[in-house]
Structure formats: C-alpha cells, structure tokens
Amino acid sequence: MSEDRIQLWIALCIVGPFCAYYWYWFIRSIIFYSRNGFNFTEDFGPEAHWADRGGDDDCVLMKPKEKFFIAGPSFVVVTSVMLIFIILGLAGTI
C-alpha cells in the first residue's frame, strides 16, 4: 500500500464519523420538526454557534431555524463531498 493511500485511509477514518454524525442529526431534526409542524420555537439537536469575528470570546448561538436551514445542510453537503472524494481516491478513480 502506497503512502498516499495511508493518508486517504486516515482521512476516511476522520471524515467518515463526522459525516455520519451530521447526517444523523439532520435526519433527526427533519423528523422532529415535521412532526411538530415545522414549529421552530423549540430547539432540537446539538448547539451551533455563529463564528465570532469581534475578537472577544462570546459566540452567538444559532436559532433553531438557522440550524435547520443553514448549518445542517451545509455540514451535510461539505462532509459528504469530502467523503466522496476520499472514497474515489481510495478506489483509484481520482
């Protein structure tokens, strides 16, 4: 096994669980909010924060609607695309 394959296996072991974690919480939040009639007054799932660019240590929590429409799909898409490229690299396609 060549050295670049070892790096891809390590990347797979790191990115794979993150991808599964974000897919899990995104699917659970779809089920939760669809059963509640998409009422975003109740927060569900892990906390998500907006990045703080002001220099102090206070991060702003995302609202449930922002987590559902922005953070969830973004993390799912980014980790899934990374995982696809890693798997294609391991398969020798790329």
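**Figure 1. The bend in helix 2 of the predicted model.** In this predicted model, helix 2 bends by about 30° at A71, and a proline, P73, follows within four residues of that position. The helix comprises residues 64-91, 28 residues in total, and its first and last C-alpha atoms lie 39 Å apart, a span close to the 40 Å expected at 1.5 Å a residue. A71, where the bend is located, is one of the buried residues of the helix, and G72 is listed with the buried residues as well. Just after the helix, G92 takes a positive phi of about 90°.

**Figure 2. Buried positions along helix 2.** The buried residues of helix 2 are P64, K67, F68, A71, G72, V76, T79, S80, L83, I86, G89 and L90. An α-helix has 3.6 residues a turn, so residues three or four places apart point the same way. For G89, which is found in helix 2, the relative accessible area is 12%, and the residue is therefore buried, the limit being under 20%. The C-alpha atoms of G89 and L12 are separated by 10 Å, although the two residues are 77 residues apart along the chain. A further pair of positions involves L90, whose C-alpha atom is separated by 6.6 Å from that of L8, 82 residues apart along the chain. L8 is found in helix 1 and, at 23% relative accessibility, counts as partly exposed.

**Figure 3. A nonpolar patch on the surface.** V77, V81, I84, F85, L88 and I94 form a nonpolar patch on the surface, and together these residues have about 560 Å² of accessible area. Is I94 buried or exposed? I94 has a relative accessible area of 63%, and because exposed means over 50%, this residue counts as exposed.

**Figure 4. The salt bridge between K67 and D43.** A search of the whole structure finds one salt bridge, and this salt bridge is formed by K67 with D43, the closest N and O atoms being 2.8 Å apart. The pair links distant parts of the chain, since K67 lies in helix 2 and D43 in the loop between helix 1 and strand 1, 24 residues apart. Side chains of opposite charge can pair when their charged atoms come close.

Figure 5. The structure holds 15 aromatic pairs, one of which is formed by Y22 and F75 and is stacked, with 4.7 Å centre to centre and 10° between the planes. This pair links distant parts of the chain, with Y22 in helix 1 (residues 3-35) and F75 in helix 2, 53 residues apart. Y22 counts as partly exposed at 23% relative accessibility, and F75 likewise counts as partly exposed, at 39%.

Figure 6. A pair of aromatic rings is described by the distance of the centres and the angle of the planes. What is the geometry of the rings of Y24 and W25? Their centres are 5.3 Å apart and their planes stand at 80°, so the pair is edge-to-face. Y24 is partly exposed, with a relative accessible area of 41%, and W25 counts as partly exposed at 24% relative accessibility. Both residues belong to a cluster linked by ring pairs, which also contains F26, F32, Y33, F38, F40, F44, F68 and F69.

**Figure 7. The backbone at F38.** Among the residues of the aromatic cluster is F38, which is found in the loop between helix 1 and strand 1 (49-50). Most residues other than glycine have a negative phi, and most peptide bonds are trans. Phi of F38, by contrast, is near 55°, a positive value in a residue other than glycine. The relative accessible area of F38 is 43%, and the residue is partly exposed.

**Figure 8. A separation within helix 1.** R28 is found in helix 1 and counts as partly exposed, at 35% relative accessibility. The C-alpha atoms of R28 and A11, which are 17 residues apart along the chain, are separated by 26 Å.

Technical notes:
Residues are numbered from 1 along each chain as its sequence is written. This is a predicted model: local features need pLDDT of at least 70, side-chain atom pairs count only at pLDDT 80 or more; totals for chains, interfaces and linings use all residues. Side-chain values use heavy atoms; hydrogens and water are left out. Helices (H or I, at least four residues) and strands (E, at least two) are DSSP runs, numbered from the N terminus. The expected span of a helix is 1.5 Å times one less than its number of residues. The bend at a residue is the angle between axes fitted to the seven residues ending there and the seven starting there. Buried means under 20% relative accessible area, exposed over 50%, partly exposed in between (1.4 Å probe, protein chains only). Patches are made of residues with over 30% relative accessible area and no salt bridge: like charges are joined within 9 Å, nonpolar side chains (Val, Leu, Ile, Met, Phe, Trp, Tyr) within 5 Å. Accessible areas come from the Shrake-Rupley method with a 1.4 Å probe; for residues, only the protein chains shown count as cover. A salt bridge is a side-chain nitrogen of Lys or Arg within 4 Å of a carboxyl oxygen of Asp or Glu. Rings of Phe, Tyr and Trp (its six-membered ring) pair if their centres lie within 6.5 Å; planes under 30 degrees apart count as stacked, over 60 as edge-to-face and the rest as tilted.
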